[in-house]
Amino acid sequence: MEETLKILVVDDDEVDRIAIRSALTTAGVQMQLSEVGNGNDAFSVLSVTAYDCVFLDYSLPDRDALTLIQQLGSSEIKVPLVVLTGQGDEQITLQLLKAGATDYLSKSRISPETLSQVLRNVIRIYRAEMQVDLANQQLRETHEQLICQNQELERQQQQIQMQNFKLLEASRLKSLFLATISHELRTPMNAIIGFSQILLRPKFGQLTRQQADMVERILNNGKHLLMLLNEVLDFSKLEGGGLDLKAERFNISKVINLVVSEMRSLADAKNLSLLVQTDLQNPLVFNDPVRVKQILINLLSNAIKFTESGEIWVEVKELPGNRVVIVVQDTGIGIAPRDFKHIFEAFRQVDQTITRKYPGTGLGLAIIDSLVRMMGGKIFLESKLGVGSMFKIELPRQITLPTVAAHAPVSQLDNDNDDFFCPAKNPHQSSSQSRKANRIS
Ligand code: ADP
């Protein structure tokens, strides 16, 4: 052993102390040796000084080694202890080891070899024990830290759950409020529209040109307001899962031509060409005609609204796998890829400012998104800023109406149909594709 060890010998017998000292010296142990003759002095020095090893005589004048070891233990004084036993003390050794002695050695066996051997072992054992203690202590601390972190996480989780619950409740109330208000406003709005139409009929009296102009404005604004109210009502129904599709067999080409002819005047007013192609080998589909019409009206009115000059093309094509695709393409302002995801969210518009140029509720695409999901279809968007946009709605020729989950909320229905394209989930699905739709005349 190269290092200088601090060793304490506790023995009242001068001869024994000399024997230990000379055995250690002969063994070549480098040491700083201290000696005391009773338990009291031993306790005092061990309370203030750390030793590498203590050789402790079992029988001390004021107490035995067992009592001293127990005292040291209860004062949390830790030191490697070798108890030197005399004749007849052997039966106590197990108790000594249990109380905290590191080893024991019969005085009759004291020799340089045995002492240095015991010393080495004791110090090695003690240091290993210390390391284990330290590791245990660190483990305990880590464990306590983990418990604290766990408690904190649980607290945060509860808070999130609470906030989630509040958000759901707020959202439910918002939907209810929207549904009630828009429903209530529709009745007076229908009266305004109906009476304006009656006023415009000549049999109820001739209006002056100025009066007729004003009534027409009332009528047009009323229709616009009704359209906005219907949009809000539809959206709140879709959100709450209260909108059911009423599917029937119908001619999709006819519906598309009808919508295009109804909206042609809006395109004409902006000098936009509105082109349509509806050649299908089999134009019959099984779907909700009212909702298919609504999807097309929303897409077409957006195309007209966001296009200042150029053309708008509407096309319906057959696709393999018993599907059809409705394409609405324009030469309008276009949409930046970073906005692809957001525009399908409710109340989201590329320009969210109050002074924005183009009016609207920001619900049209959210409604389309929900309807297309319900129909088991997919939406694809290709667009380039300043060049134009192309919305493609892929639909199964025959939709499957939900049976068991007929009244489940829309989000629940989503889970049943993982594979269809959701623009909000896959915003970049078609952003990288070039704008390659054929021109239709
Ligand atoms: P709204 O038209 O009422 O604003 P929508 O949900 O129909 O709401 O559309 C959301 C947003 O998507 C629009 O405000 C617009 O920014 C963008 N958008 C939709 N269609 C087009 C289009 N054809 N061209 C350019 N931008 C469009």
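Student: What should I know before reading the values?

Tutor: This is a predicted model, so local features need pLDDT of at least 70 and side-chain atom pairs count only at pLDDT 80 or more, while totals for chains, interfaces and linings use all residues. Residues are numbered from 1 along each chain as its sequence is written, and side-chain values use heavy atoms, without hydrogens and water.

Student: Is Leu-185 buried, partly exposed or exposed?

Tutor: Buried means under 20% relative accessible area, exposed over 50%, and partly exposed in between (1.4 Å probe, protein chains only). Leu-185 is partly exposed, at 41%. Leu-185 belongs to helix α5, residues 112–200; helices are DSSP runs of H or I with at least four residues, numbered from the N terminus.

Student: How covered is helix α9?

Tutor: In α9 (residues 364–374), eleven of the eleven residues are buried. Among them are Gly-364, Leu-365 and Asp-369.

Student: Which residues come nearest to the ligand?

Tutor: A residue is near a molecule if one of its heavy atoms lies within 4 Å of it. Of the 20 residues around the ligand, the nearest are Asn-302, Asp-330, Gln-349, Gly-362 and Leu-365. A backbone N or O atom of Leu-365 lies 2.8 Å from a ligand oxygen atom, and for Gly-362 such a distance is 2.9 Å.

Student: Which element gives the most to the shell around the ligand?

Tutor: That is α8, with three residues.

Technical notes: Helices (H or I, at least four residues) and strands (E, at least two) are DSSP runs, numbered from the N terminus. A polar contact is a pair of N or O atoms within 3.5 Å; within protein, one must be able to donate a hydrogen and the other to accept it, and residues adjacent in sequence count only if both atoms are side-chain atoms.
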